[in-house]
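Thanks for making time this morning.

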Amino acid sequence: MTTTARDTVLGRVRDALALAPAPEVVVPRDYRTGRTLPDADRLALFTDRLVDYKASVHPCTADRTAETIAGVLRARGAHRIGVPAGLDAGWLAAYDGEVQQDSSDIPAPDLGELDGVVTASAVSCAETGTIVLDGSPDQGRRALSLVPDLHVCVVDLSSVEVGVVETVARLVPERPTTLISGPSATSDIELERVEGVHGPRTLAVVLRTDV
């Protein structure tokens with residue numbers, strides 16, 4: 001069998017690796033876990049990141065959730081919205097438009113005819129301004145939050161973690177995970193920003209907090 005230059009090089013690499021001692025360095029994995037911040041600081045950090053991503057933030061107390069959602073939808077001209085089957089009905093008590101409950105029988109392209117969608121959220125990361133949906137009944141299937149042009153997402157401050165490590169620790173690996181960092185946006189070869197290509201063009205976050 002003919003020996004090629006590739007065989008020779010790879011052989012020398014294997015021989016060198018066989019002579020190398022096994023690494024004894026143990027890389028620590030707990031250096032950034034369990035970080036916390038006071039509610040006010042976590043709120044300020046999360047809000048700053050969301051605004052930087054061009055999302056609109058609408059803080060409110062829990063008892064003002066319905067009025068805040070209705071105000072956002074009214075301001076955006078959303079007369080017909082979609083909601084996941086498990087969304088708290090009380091959140092829409094002040095909304096006077098048409099509400100369509102989502103189901104798997106509705107083809108994903110038809111969701112594009114909605115003016116917007118309202119969902120809850122699973123957990124969020126303050127440092128990155130990222131909201132995570134996991135397909136729970138109050139969040140719905142992935143298509144529901146990706147196809148309509150407006151996404152109104154309700155986030156409780158109690159579900160906002162400081163960093164990525166703390167956020168990931170709260171996820172359930174078996175659940176479908178959608179990470180949202182602002183409205184959908186991309187850039188072409190000339191770095192021209194285009195919004196709404198891969199998901200909603202507008203993200204409005206209703207941030208429930210008593211801070």
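This is a predicted model: local features need pLDDT of at least 70, side-chain atom pairs count only at pLDDT 80 or more; totals for chains, interfaces and linings use all residues.

Let me begin with strand S7, residues 150-156, which pairs with S12 in the parallel sense over seven bridges; strands here are DSSP runs (E, at least two residues, numbered from the N terminus, with helices being H or I runs of at least four), and two strands pair if DSSP finds at least two bridges between them. Within that pairing, His-151 stands opposite Leu-203 in S12.

Residues are numbered from 1 along each chain as its sequence is written, and side-chain values use heavy atoms, with hydrogens and water left out.

S12 also pairs with strand S1, residues 56-60, again in the parallel sense, over five bridges, and there Pro-59 stands opposite Leu-207. In a regular strand the side chains alternate between the two faces of the sheet. For S12 both faces are covered, with Thr-202, Ala-204, Val-206 and Arg-208 on one side and Leu-203, Val-205 and Leu-207 on the other, all buried, where buried means under 20% relative accessible area with a 1.4 Å probe and protein chains only.

Turning to the loop between strand S8 (160-161) and helix H5 (164-169), we find Gly-163, which counts as buried because its relative accessibility is 0%. Leaving aside neighbours within four places in sequence, Gly-163 is in contact (heavy atoms within 4.5 Å) with Arg-35, Cys-125 and Glu-127.

Methods. Buried means under 20% relative accessible area, exposed over 50%, partly exposed in between (1.4 Å probe, protein chains only).
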